[in-house]
Amino acid sequence: MGMRGKIIAFGAYDLRKPRVRLLLDAIRRAGALEREIHIAGWNKVAQTNVPSKLAFLGVLLRMAFAYPGALWRLIRSPRHATILLPYPGIVEIFLIAPLAWVMRRTLVLDAFLPIYDTIVIDRGLAKPGGLIAAMIWRFERLALRLADIVLVDTDSHGEYFACEFGIDSARFHTVLVGAEEQFFSQSAHGSVDDLLGPEDGRPIVLFYGQLIPLHGVPTILEAAKIYDGPEARWVVIGLGQLEPLLREATAEPESSPVEWIEWVEYERLPAVIARADVCLGVFGASDKAARVIPNKLFQQLAVGKPVITRESPAVDGLAARFPNILRTVPANDPRALANVVKSALIKGSELLPLPAISLAELSPDAGVLRLLKRLDDQAAT
């Protein structure tokens, strides 16, 4: 492996995000992680994709105090190693890009979640066409253009960035998110978790994740309401923007079609998934929902559970390869979701765990190895 194949992870990246941990682990397994120069900026911020203004200001202050020492370590690092800004490195690329240019270093940014699309289109936190939305759009466009290579989690996200911001598609590189080891090992020798209470013979239909529009929580609630299959427990785990819907739906637990659990510690998640009979992905109708393969889909498949999610360009190829493992339904279609859940619970034997060889293909390792080859090829030219 050439020196360009060595990578230095730099910045205030958020190690609480599975994407960040999985990406760094894959680079480490490939023997390419030269060093980490990490600033603990996000560890005190509530886990959300859109932090509050006060929380974001706190991150910037912690970064300001820690940056001089971190920059000095970067300047003294091996001369030709690539600089990687893991998520959310887009915040600091304006500082690092000029330095990388002076040092003649290749700069790789993990874009992961699109900012404009998340804040303006998906969450509706800024008015499309307004001044704030325009500023966010220009900020993201310029930040992406400063990177030599931009990592994305699906080909669809790369296509979105290229079209939305007029950036050469060759600049984007896909590294799938994957799932961590504890999810793979759960199906073989995992523990039993009591978060969902004692077994009562009813199958469990499980959704977990942030309660945001992308996940299609209203679709899940409506599907549970109209479901007419074998008696089952529909369990929703999560907090977020759409909490009022859950509070209303579960106000009278005896008559509610769903059970709501506000939170589960990440360490317990594999064992909780193992209790489920069917797991749910995302069902929102937004363009963003069509571009993602959510991290939880990899986690659920790794545990060995069948998954139902919305059809989309990002996931349709996988669903076509493994129709007995991964089922898709139209976006925002409660009736279709209810029917597929009913079919899955009646004909559960048709839904089989994903073969180990296929799970390996869905890890971030393959994308990281292609990235290292790309870096070495660039160094040779």
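These entries go from the ground rules to the sheets, then the helices, then the salt bridges.

**Ground rules.** I am working with a predicted model, in which local features need pLDDT of at least 70, side-chain atom pairs count only at pLDDT 80 or more, and totals for chains, interfaces and linings use all residues. Residues are numbered from 1 along each chain as its sequence is written, and side-chain values use heavy atoms, with hydrogens and water left out.

**Entry 1: strand β7.** I began with β7, residues 204–208. Helices (H or I, at least four residues) and strands (E, at least two) are DSSP runs, numbered from the N terminus. Is β7 mostly covered or uncovered? I found it mostly covered, with five of its five residues buried; buried means under 20% relative accessible area, exposed over 50%, and partly exposed in between (1.4 Å probe, protein chains only). In a regular strand the side chains alternate between the two faces of the sheet. I204, L206 and Y208 sit on one side of β7, V205 and F207 on the other, and all are buried.

**Entry 2: the neighbours of β7.** Next I looked up its pairing; two strands pair if DSSP finds at least two bridges between them. β7 runs parallel to β8 (residues 233–237), and five bridges join them. Which residue of β8 is the bridge partner of F207? I noted V236. From β7 the chain crosses through helix α8 (residues 217–226) to β8 in a right-handed β-α-β crossover; that is, with the strands pointing away from the viewer, the path from the first strand over the helix to the second runs clockwise. β7 is also joined to β10 (residues 278–280), in parallel, by two bridges. There, V205 stands opposite V278.

**Entry 3: an open sheet.** I then traced a sheet of six strands, in the order β2-β1-β3-β4-β5-β6, with parallel pairing. Its edge strands, β2 (33–38) and β6 (172–174), each pair on one side only. From one strand to the next the twist averages 25°, where axes are lines fitted to C-alpha atoms, for helices over the stretch in contact, and angles run from 0 to 180 degrees between N-to-C directions. Within the sheet, I picked out β1 (residues 7–11) and β3 (residues 82–85), which pair in the parallel sense over three bridges. A9 stands opposite L84 of β3.

**Entry 4: helices across that sheet.** Contact here means heavy atoms within 4.5 Å. Helix α1 (residues 18–29) lies across β1, β2, β3, β4 (107–110) and β5 (149–152), at about 150° to β2. Helix α3 (residues 93–103) lies across β1, β3 and β4, at about 160° to β4.

**Entry 5: salt bridges.** How many salt bridges does the structure hold? I read off 16, each a side-chain nitrogen of Lys or Arg within 4 Å of a carboxyl oxygen of Asp or Glu.

- R16 and D14 meet at 3.0 Å, N to O; R16 is partly exposed at 23%, whereas D14 is buried at 6%.
- K342 and D228 meet at 3.5 Å, N to O. This pair links distant parts of the chain, 114 residues apart: K342 in helix α14 (residues 334–346), D228 in the loop between α8 and β8. K342 is partly exposed at 26%.
- R268 and E265 have their closest N and O atoms 3.4 Å apart. Salt bridges that share partners join both into one network with D193 and D194. R268 is partly exposed at 26%, and E265 is partly exposed at 38%.
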